[in-house]
Amino acid sequence: MSTTQSERLRELLEPLVASQGLDLEELAVDSVGRRRVLRVVVDSDTGADLDRIADVSRALSAKLDESDAMGEAEYTLEVGTPGAERSLSEHRHYVRATDRLVRFQLHEGGELVARILGVDEDGLDLEVPGVKGRKATTRRVSFGDIDKARVQVEFNRKDPKDSDTKSDTKSDNKTEEEEA
């Protein structure tokens, strides 16, 4: 049974990434001229900050240096996170995208843009934004109905936590002014 280089690399690197408290999301080897680029995408339920990325990058580099998994040819190692508009394919991806706006391509051919409210083993509870002044509605979608899903970037979303804090601050300021 032969295995591809990507499969061998995944077998070599995945336990190391897991030991750092991260999930190995993607791994790809691409040719760029005479060089090769090994791209590794990692993530976790709590995210991956720059320090964690640097730590796992050093650990992966050391592991690759001691093995012959990349062969003798020169290569560059790039380690990063999935990014803002990540594709969702695993159950954990949907859990991590809770409260995010997602564009779904459904098997029935339709498209749906909705916010993930909750995730369980069978599917998703979604909030579909209202159109032209209508109120948002909720909808249940099973994982089997989803062909593709991608997180959408929101520039103007108001975080409910921020508005609660602002209103608390305003009421606190009024109280302080009244006391003064």
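**Legends to the close-up views**

**Figure 1. Lys132 is exposed, with 82% relative accessible area.** Exposed means over 50%, buried under 20%, and partly exposed in between, for a 1.4 Å probe and protein chains only. The model is predicted: local features need pLDDT of at least 70, side-chain atom pairs count only at pLDDT 80 or more, and totals for chains, interfaces and linings use all residues. Residues are numbered from 1 along each chain as its sequence is written, and side-chain values use heavy atoms, leaving out hydrogens and water. Lys132 sits in the loop between strand S6 and strand S7 (137–142). Helices (H or I, at least four residues) and strands (E, at least two) are DSSP runs, numbered from the N terminus. The phi of Lys132 is near 55°, which is positive although the residue is not glycine.

**Figure 2. Asp99 lies in the loop between helix H3 (91–96) and strand S4.** Asp99 is not a glycine, yet its phi is positive, at about 75°. With a relative accessibility of 41%, Asp99 counts as partly exposed.

**Figure 3. The chain has 4 helices and 8 strands.** Along the sequence they follow the pattern α-β-β-α-β-α-β-β-β-β-β-α. Buried residues make up 27% of the 180 in the chain. Of the contacts (heavy atoms within 4.5 Å) with a separation of 6 or more, 49% are between residues 24 or more positions apart.

**Figure 4. Confidence in the chain is lowest in helix H4 (residues 160–179) and highest in strand S6 (residues 123–128).** The mean pLDDT, the predictor's confidence in each residue from 0 to 100, is 43 in H4 and 95 in S6. Where pLDDT is low, the predicted coordinates should not be read in detail. For the chain, the mean pLDDT is 84, with 85% of residues at 70 or more.

**Figure 5. The largest nonpolar core has 18 residues.** Such a core is a set of buried Ala, Val, Leu, Ile, Met, Phe, Trp, Tyr and Cys residues joined through side-chain atoms within 4.5 Å. Leu38, Val40, Val42 and Leu60 touch the most other members. At least two residues of this core come from each of helix H1 (5–19), strand S1 (23–32), strand S2 (35–43) and helix H2 (50–66). H2 gives the most, 5 residues. Apart from this core lies another, of 16 residues, including Tyr94, Leu106, Leu112 and Val141.

**Figure 6. Leu38 has contacts beyond its neighbours within four places in sequence.** Among them are Leu9, Leu13, Leu27, Leu64, Met70 and Glu78.

**Figure 7. The largest pocket has a volume of about 240 Å³.** A pocket is an open set of points on a 1 Å grid over the protein atoms alone, where a 1.4 Å probe fits, with protein on both sides within 12 Å along at least five of seven lines; lining residues have an atom within 4 Å of a point. The volume is the space filled by probe spheres set on the points, which are joined across faces, edges and corners. Of its 15 lining residues, Asp43, Ser44, Gly47, Arg86 and Arg96 lie nearest the centre.

**Figure 8. The second largest pocket has a volume of about 210 Å³.** Its lining includes Ser87, Tyr94, Arg103, Gln105, Phe143 and Asp147. Strand S4 (101–106) and strand S8 (146–151) are the elements that give two or more residues to this lining. S8 supplies the largest share, 5 residues.
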